[in-house]
Amino acid sequence: MKSFVNYAENSDFSIHNIPFGVAVFGQEYIACATRIGDIVIDIATLYDFGYLNEIEGLDDNVFEAYTLNEFIELGKPVTNAVRLKIQELLLEGSALSGDTKSVDECFYTLNQVKMMMPVHVPNYTDFYSSIEHATNVGKMFRDPANALLPNWKHLPVGYHGRASSIVVSGTDIIRPKGQTKPADADFPVFGACKQLDFELEMAFIVNKNTEMGESISTADAEDAIFGMVIFNDWSARDIQSWEYVPLGPFLAKNFGSSVSPWVVTLEALDSFRTASPVQEPEVLDYLKFEGDKNFDINLEVYLQPENGTETLISESNYKFMYWNMTQQLAHHTVNGCNVEVGDLYASGTISGENPNSFGSMLELTWRGQNPLKLNDGQERKFIEDNDTVIMRGFAEKNGIRLGFGEVTGKILPAV
Ligand code: MN
């Protein structure tokens, strides 16, 4: 497939991708968008020019919207058809390629747009599905000999997170304050977090509403998943270690999480499917699944100090996940919990086996014991004020490449 839009060979936004997002075009016009190379396309105007007329079930201009929710709720038959039609329109020799008026009105360069949150997120859940991450954390905080708790290999452990503080890439995050208890103190103290961390995660977005009492099977789960984003689940480790027993994370997590602005569809990722790690012991029937449900997505984390350069500090891969998305959604709903359009389900920190593939500062520095060296000679145990964390993700196979772009966030001093 060759597009009439030129882009770099290593672009995440190749003709094979066609992701969806929401952009502010120019001063104040907002609409659903897609991207090829460094061109952002206004889909609402493309619709108005009649280019999506032949798609059944697309009766209204759902792209004239501040979120993708209305579009993705139309379900896979419609959203897939739209994606494939846009892909066809971007090929060399297409009707659109010769229509300079439409191209002029629908195509924008990156510096003409600002990306917004792609969806309204009614509910956010964070899983804990990387065996390497769960093992590392268990070793550090509990018992090195029994790092995984007895339930871990029987169910995808998760907790309900906070949807209100999920923000799009580029949004600054203010260092949280809270209670911590220094190891040598009898009582807790209040102040700015001293062990601020990132968590390298991916998240999937659900495209339907279900009724209470209804469950989604592993076989049906992918139909309910519109696509994926990269997710930085910022974490305050000192606050976390004091507050998390017995009910799990609370203020250590709910001050902010960042998402990449482009939702990459499961259909775009289809060529990058891969087998899951073998699950032993065997899981209960409702968690069994068929086919390749993992995806080979390279993930990178960079840390950039104020006025400095980026240092690559972690290289991981989504394929390391022990529990896959279909199992996560089946487990989440097996008790009759309803889901809503736009719900966001994050993977949990994605660590690999090698120390350079760990998905958090907590693991990379082993709770601050082995500071990271940055390119300019500075060291980091945790994230400092005015540091920017950048996560990137892409898949590449047989000459085909597509990706997520990046999710960035800068830490501002506590107020
Ligand atoms: Mn997390």
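This is a predicted model: local features need pLDDT of at least 70, side-chain atom pairs count only at pLDDT 80 or more; totals for chains, interfaces and linings use all residues.
Visitor: Into which domains is the protein divided?

Guide: The division is into domain 1 (21-115) and domain 2 (124-412), with bounds that come from an automatic or database domain assignment. Their centres, taken over C-alpha atoms, are separated by 30 Å. The contact between them, where contact means heavy atoms within 4.5 Å, takes 16 residues from domain 1 and 18 residues from domain 2.

Visitor: Which residues does L90 touch?

Guide: Not counting residues up to four places away in sequence, L90 touches K2, S3, F4, V5, I15, I18, I36, I41, L96 and F107.

Visitor: What makes D126, E199, E201 and D233 donors to the manganese ion?

Guide: Donors are N, O and S atoms within 2.8 Å of the metal (3.2 Å for Na, K and Ca); water is not among the atoms, so sites may look incomplete. The manganese ion is coordinated by D126 (OD), E199 (OE), E201 (OE) and D233 (OD) at 2.1 to 2.2 Å, so these atoms meet the 2.8 Å limit. Along the sequence, the donor residues follow the spacing D-x72-E-x1-E-x31-D. D126 lies in strand β6 (residues 124-127) and E201 in strand β13 (residues 200-206), so the pair ties together parts that are 75 residues apart in sequence.

Visitor: Why is D233 called buried?

Guide: Buried means under 20% relative accessible area, exposed over 50%, and partly exposed in between (1.4 Å probe, protein chains only). D233 has 0% relative accessibility and therefore counts as buried. E201 is likewise buried, at 0%, and D126 is buried at 2%.

Visitor: How do you know that D233 makes a polar contact with Y124?

Guide: A polar contact is a pair of N or O atoms within 3.5 Å; within protein, one must be able to donate a hydrogen and the other to accept it, and residues adjacent in sequence count only if both atoms are side-chain atoms. The side chains of D233 and Y124 make such a contact at 3.4 Å. D233 lies in the loop between β14 (225-232) and β15 (235-236).

Visitor: What makes helix α5 largely enclosed?

Guide: Helices (H or I, at least four residues) and strands (E, at least two) are DSSP runs, numbered from the N terminus. In α5 (residues 131-141), 8 of the 11 residues are buried, so this helix is largely enclosed by the rest of the structure. What covers its buried residues includes α9 (361-364).

Visitor: Why are β9 and β21 called edge strands?

Guide: Two strands pair if DSSP finds at least two bridges between them. Five strands form an open sheet of mixed pairing in the order β9-β26-β25-β20-β21, and β9 (173-174) and β21 (311-317) each pair on one side only.

Visitor: How do you know that β25 pairs with β20 and β26?

Guide: β20 and β25 are joined by 7 bridges and run antiparallel, while 10 bridges join β25 to the antiparallel strand β26 (residues 400-412). L303 stands opposite V389 in β25, and M391 stands opposite V407 in β26. In β25 (residues 388-397), 7 of the 10 residues are buried, so this strand is largely enclosed by the rest of the structure.

Visitor: Why does V341 count as buried?

Guide: The relative accessibility of V341 is 7%, so this residue counts as buried. V341 is in the loop between α8 (325-333) and β22 (344-346).

Methods: Residues are numbered from 1 along each chain as its sequence is written. Side-chain values use heavy atoms; hydrogens and water are left out.
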